[in-house]
Amino acid sequence: MNERSTVAAEGSADFPTLAQQDDDELLPQLVAHLHEHRTKLRQEWASRIQEADLLHAMTPQEMAVETQSVYDNYVEVLETGSVEALQDYARDLSERIIPRGVETHEVVGIVLLLRDVLARSLFEKYQRDFALLNRVLDAYEPAANRIANTVAVSFVDERERIIRQQQDAIRELSTPVLPVRERLLILPIIGVLDSERARQLTEQLLTGIRTHRAKVVVIDITGAPDVDETVANHLVRTVDASRLMGASVIITGLSPEIAQTLVTIGVDLSKMNTIGDLQGGLEEAEKLLGYAVSRQDEAAEK
């Protein structure tokens, strides 16, 4: 028997020949192989992750738990072909590991490493029958690439969602609408007031006016370092919108620089009721609401 015949005989003893394989059976067969060698392959994958210095923000215990979970879900998706289930898992995974400081390139990296580790294992199993190996890889690679792409997209989407939530939370904290007393609101503005933040400020203020049935609003811009033309005009529109909802607006804390800017750019100051400081603005607001305003020393004399 020549060498080629010997290899063929050995191959037929280990696994069915190409003619005996049905395409629909290839994927279940390789999935069974990945289940059978799960421990060895997962350990090899974990070793590759450490060599590549990925997931360094996670503890060894956390890494062991997550890599086991990823491996099992990866093989399950290969078996079922359920992209929807993979998307759900990828979102859950992202929610768990993003707060730990895991970056997008790390997630993509570990999934690609797993794809390569499993592909090498399949190559070792089927290397003596190249025709069958090609068919196995043809069945494996599209599914593996789809998994890698789905996980990457889901992770990026989840990360962007978390970033948007954080940005919204920061904006809400930086522009709180505070009810001082019945029908009176204060909106202190601290930090740079750009167009996007000015738009959100208007939305929050109008919502606050409706919620609290406010009649007077004091907008204090003492903490705003600068106001450009676009923002100044937006501020005027905010005053107009508030009036349409039945609330008068008092603006306090104008710095000399901002006052000069408003004059220079030609803002219609007749629409703006401005008071020097917040205390004066509150006193004016209480007068508009019909409260009697008196100083403590004056009250003591009486």
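## Legends to the close-up views

**Overview of the chain.** The secondary structure of this chain comes to twelve helices and five strands, and the model shown is a predicted one. Of the 302 residues of the chain, 37% count as buried, while the chain as a whole exposes about 16,900 Å², with carbon and sulfur atoms supplying 50% of that area. Among contacts between residues at least 6 apart in sequence, 77% join residues at least 24 apart.

View 1. Leaving aside residues up to four places away in sequence, Phe-155 touches Ser-94, Ile-97, Ile-98, Val-102, Glu-103, Thr-104 and Val-107. The C-alpha atoms of Phe-155 and Gln-87 are separated by 9.3 Å, although these two residues are 68 residues apart along the chain.

**View 2. The salt bridge of Arg-96 and Glu-66.** In the salt bridge that Arg-96 forms with Glu-66, the closest N and O atoms are 3.0 Å apart. Arg-96 belongs to helix 5 (residues 83-97) and Glu-66 to helix 4 (residues 60-80), so the pair ties together parts that are 30 residues apart in sequence. Arg-96 counts as partly exposed, at 33% relative accessibility, whereas Glu-66 is buried, with a relative accessible area of 6%.

**View 3. The salt bridge of Glu-286 and Arg-181.** Here the side chains of Glu-286 and Arg-181 meet in a salt bridge, at 3.0 Å from N to O. Because Glu-286 lies in helix 11 (residues 278-288) and Arg-181 in strand 1 (residues 178-181), the pair ties together parts that are 105 residues apart in sequence. Glu-286 counts as buried at 19% relative accessibility, and Arg-181 counts as partly exposed at 34%.

**View 4. The salt bridge of Glu-203 and Arg-199 within helix 8.** The side chains of Glu-203 and Arg-199 meet in a salt bridge, at 2.5 Å from N to O. Both residues lie in helix 8 (residues 195-212), where they are four residues apart, about one turn of the helix. Glu-203 is partly exposed, with a relative accessible area of 44%, and Arg-199 is partly exposed as well, with a relative accessible area of 32%.

Terms used. Residues numbered from 1 in each chain as written. Predicted model: local features only at pLDDT ≥ 70, side-chain atom pairs only at ≥ 80, totals over all residues. Heavy atoms only, no water. Contact = heavy atoms within 4.5 Å. Helix = DSSP H or I, 4+ residues; strand = E, 2+ residues; numbered from the N terminus. Buried < 20%, exposed > 50% of the residue type's maximum accessible area, 1.4 Å probe, protein only. Areas by Shrake-Rupley, 256 points an atom, 1.4 Å probe, with all protein chains shown as cover. Salt bridge = Lys/Arg side-chain N within 4 Å of Asp/Glu carboxyl O.
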